[in-house]
Amino acid sequence: MNKARHNPLNSAAAHGALILYTLIALFPVFVILINSFKTRKAIFAEPLAPPLGDAFSLIGYQTVMKQGDFFLYFQNSFIVTVASLFFILLFGAMAAFALSEYRFRGNMLMGLYLALGIMIPIRIGTVAILELMVQTGLINTLLALILVYTAQGLPLAVFILSEFMRQVSDDLKNAGRIDGMSEYAIFFKLVLPLVRPAMATVAVFNMIPIWNDLWFPLILAPGESTKTLTLGSQVFIGQFVTDWNAVLSALSLAILPVLVLYVIFSRQLIRGITSGAVK
Amino acid sequence: MTKTRLAALLLTSSLLGGAASAEDVTLTIESWRNDDLTIWQDKIIPAFEAANPGIKVVFAPTAPAEYNAALNSKLDAGTAGDLITCRPFDASLALYDKGQLADLSGLASMANFSDVAKSAWQTDDASATFCVPMASVIHGFIYNKDAFDALGIAVPTTEAEFFAALDKIKADGTYIPMAMGTNDQWEAATMGYNNIGPNYWKGEEGRLALIKGEQKLTDEAWVAPYRQLAKWKDYLGDGFEAQTYPDSQNLFTLGRAAVYPAGSWEISGFNAQAGFKMGAFPPPVQAAGDECYISDHTDIALGMNAKSAHPDEAKVFLDWVGSAEFATLYANALPGFFSLNSTPVAMEDPLAQEFVSWRDKCKSTIRSTYQILSRGTPNLETETWNASVNAIKGTETPEDAGKRLQEGLASWYDPQK
Amino acid sequence: MAGRPRSHIVVFLAPAVIVYTAVMIWPLFNTLRLALYVGGPEGRHFAGLENFRTLFGDPRWSASFWNALGNNVWFFIIHMIVQNPIGIALAAILSHPRLRFSAFYRSAIFIPTILSFVIVGFAWKLILSPIWGIAPSMLDALGLKALFAPWLGKEDYALTTLALISVWQFVGIPMMLIYAALLSIPEEVLEAGEIDGLTGWAAFWKIKLPLILPSIGIISILTFVGNFNAFDLIYAAQGALAGPNFSTDILGTFLYRTFFGFQLQLGDPHMGSAIATAMFAIILTGVCIYLWGIQTRMRRYQF
């Protein structure tokens, strides 16, 4: 590769800018994490001090752990998030392919129809969704949540994926057709691998609101056996809560799993991005 | 109808899980009091279950900010629990009018409550009562006794003494005189305006006159509390504009502020967190010897989901909630939530005892905006939050605030037109 | 392609359309329909456009609506002029082929995006708090204590502060999208540019930027839709009343307060739906302008 695009001065400036922004990005998370290990007095006396010596306390975590089965909650959150992402990506990519690949009457309208959902806050449809789940017997099941999140994630997935699919070369697809590949094979074998970076991006974007959602678990699956982590930790976050140890610990517990998930997905994401770029 | 039955079936089957035996009935309580979860689990529910084999009770609270929206959605779709914790006045009345809360007028233990206690959970003509009253909360000021002793300040009884005390604390500089912020807005109205206001509008007299349209929010009695709030500004901590409710609580319990405009519900939390002696005093009167008035607000009650699958068992529980046994248990487990039961309850907590003793010296009233007056748009309660904050910050004069609120109220409330 | 059976189009579209229609569109429009009704003691009845007349005609309602819309526009402008340029710049630096630790930077900068609004609201309130805040003492250490103000409590600053917090949280999204787009630019194109003497910034402006314009279009429209639907951050930080004095009220908080009710104010699904319909119209207009006015005219390069 070419050396003209690489000089040490630029590289130092690049690292400087990135380090500065990384600090800005991580600082608040750091503040929450260190304070979750401190006594209440220490949190307020010196919020930036490390949790050492007298300041160290696990009282917050003890309070939180007493309150429920956090391992089960984590498992529920995990199942809901992964299953929803799977359906969003599969159904979303299929629809995006249909929209970007084929000229048919109503293509544009169908695209618009599939985008309508991101234009209205889905919360206002709560009662109708709840009635639907009651009628179909899905209330207090994880499937109810998976269906809602799949529907909620589809518009964005279709929108982003169809934009990326338009950039996939026609020659490639036509070559496949000449070789006698079916449209399904073209989609699964030729196009999907090429839009992997976009798929990874959609997965990461959708993972966050699903994992962090409080509203639909509260309405559709509030039972003890189907509680999600976010719902389980909401007990500590309310108008009359002064127990900051517990609040900070609950928040930290809610951050950690999603951080781990993100690190796993981000490996995939980067692998996807690089493999998509190299052709 | 089949829809509801299906819902109830699904709900109960999922809640029963498998732990309970086949004949056991499980009742679920919807509540916004997530702070009280352990008290219900460890004290209240075991006491009931021991006396009533065959009925299991689950306390399933929602964070307060989401409670109304989540409950209404669940009631509309038929998935709400059997027992519903009732907010006072219109929020619950609306549920009753929609047929979602059952009429409990016939419940035997309703006889244990006075008409005033029941008034927050009745139809306007008092013909039907739909929730069993549980508790009221009293407003006043909690103070740091150690700080007052160290500075040689006596408990103030008049406004002049109150501000003299605040001046003294401010001049000394060790403590922030008063812990309150305006970021969350509601404290300014609830612990500010409606705390000190009854002394000006003479409690029930003024409150009822406002409802009848005989007094206006531009009258001196309703504007003067804003004038006092405007004076509070100088005694609040730096940056009080962005100070939140938990900030204020922590400022006080960490011993950094001397006075806390309070509701009695703070007592149990403060007892657990403050490392100093505390006392309390009612809102100071304008001049020595004036009759004093306190806000003794009917705050929380328990009703029954009209579509409950187990109405008989739910009524057994509600009957127990209306008993003297429950009153004693609840008032002592949650000092600061004062029983509304006619049977006197012995209180063990000294601070709670101090608050409740004001009922004998002063005349009780409830928050002025809660009954009838917050039915329309603009909503008087919400407007009062805003006006109280503006008054404290000095961004709106007390007179302008009164005028704005009066115009808003008159725009939809006929007796005020 | 003519002559081939086209049933596969239906197969490709069906799963998404079915789930989406049943669980999202039907419930939403079933609710939006309520905008045409009013409730009352004698039950719900059809009222035509009465609710919209109230929303835009009644001085109180319309003042709230225009206040929320104005705040929302400002919220969007901050995102467009702060979030998206920062996102693009970070992506441009990150996409440098020989950059070390780029995986670390990329992951770290994206972390705020994966946090829940509750955490973001809580963390920033803690940092900016005038009482135990970290911001005042840090500014003090720099000798800039005088610059500190209780920003979230001041009508003039609160909205901008919250918008910047939101930018902090979401800058990872434009960064990732643009990063993916930059990586998919073939090496040959850049090398051809180098032969013509285009390197560094010149290469970015003249070669890369035109090629990533479709992605910039996507992030702009996503920012628009996201901002006009935003609700959670302001709700978590300032409550449903969007204080101080409604200075941070945006359409989402206004809708939530009206639809679900708040404190003593009962929820009004009819007026709430009218507001939701108005929001929907605003967002739909924006998206249509993008779809027909921009997307169809944008030059796309297939590689």
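Helices (H or I, at least four residues) and strands (E, at least two) are taken here as DSSP runs and are numbered from the N terminus. The structure is a predicted model, in which local features need pLDDT of at least 70 and side-chain atom pairs count only at pLDDT 80 or more, while totals for chains, interfaces and linings use all residues. Residues are numbered from 1 along each chain as its sequence is written, and chains are lettered from A and ligands numbered from 1 in the order in which they are written.

Chain C contains 13 helices and four strands, and its C-alpha trace extends over about 75 × 75 × 30 Å along the principal axes. Of the 303 residues in chain C, 48% are buried, a residue being called buried if 20 or more other C-beta atoms lie within 10 Å of its own, exposed if 12 or fewer do, and partly exposed in between, with C-beta atoms placed from the backbone. Contacts are assigned where the C-beta atoms of two residues, placed from the backbone, lie within 7 Å. Among the contacts in chain C with a separation of 6 or more, 67% are accounted for by residues 24 or more positions apart.

Two packed helices are described by the angle between their axes and the distance between the axes. In chain C, the axes of helix α8 (residues 172-183) and helix α10 (residues 200-229) come within 9 Å and cross at roughly 145 degrees, where axes are lines fitted to C-alpha atoms, for helices over the stretch in contact, and angles run from 0 to 180 degrees between N-to-C directions. The crossing of α8(C) and α10(C) is right-handed; a crossing is left-handed if the near helix is turned anticlockwise from the far one by less than a right angle, and right-handed if clockwise. On the side of α8(C) the contact is made by Pro174(C), Leu177(C), Ile178(C), Ala181(C) and Leu182(C), and on the side of α10(C) by Lys208(C), Ile212(C), Ser215(C), Ile218(C) and Ile219(C). This contact comprises eight nonpolar residues, one polar and one charged, where Ala, Val, Leu, Ile, Met, Phe, Trp, Tyr, Cys and Pro count as nonpolar, Asp, Glu, Lys and Arg as charged, and the others, Gly among them, as polar.

Several loops of chain C carry backbone features of note. Phe101(C), in the loop between α3 (59-94) and α4 (102-110), has a positive phi of about 60 degrees although it is not a glycine, and with 12 C-beta neighbours inside 10 Å it counts as exposed. Gln263(C), in the loop between β3 (261-262) and β4 (265-266) of chain C, likewise takes a positive phi, near 50 degrees, in a residue other than glycine, but Gln263(C) is buried, with 24 other C-beta atoms within 10 Å. A cis peptide bond, with omega about -10 degrees, joins Gly243(C) to Pro244(C), and Pro244(C) is placed in the loop between α11 (232-238) and α12 (251-260) of chain C.

Chain A meets chain C through 78 of its residues, which are in contact with 69 residues of chain C. Elements of chain A that each supply at least two residues to this side include α1 (8-36), α4 (70-101), α7 (142-165) and α13 (244-277). The side of chain A that touches chain C divides into 58 nonpolar, 15 polar and five charged residues.

Helix α6(A) is mostly covered, since eight of its 10 residues are buried, among them Ile129(A), Leu130(A) and Glu131(A). Just after α6(A), Gly137(A) takes a positive phi of about 70 degrees.

In chain B, strand β6 (residues 257-263) is largely enclosed by the rest of the structure, because seven of its seven residues are buried. Strand β4 (residues 131-144) of chain B pairs with β6(B) in the antiparallel sense over five bridges, two strands being paired if DSSP finds at least two bridges between them, and Gly140(B) stands opposite Ala262(B) in β6(B). Strand β5 (residues 176-178) of chain B pairs with β6(B) in the parallel sense over two bridges, with Ile176(B) opposite Ala257(B).
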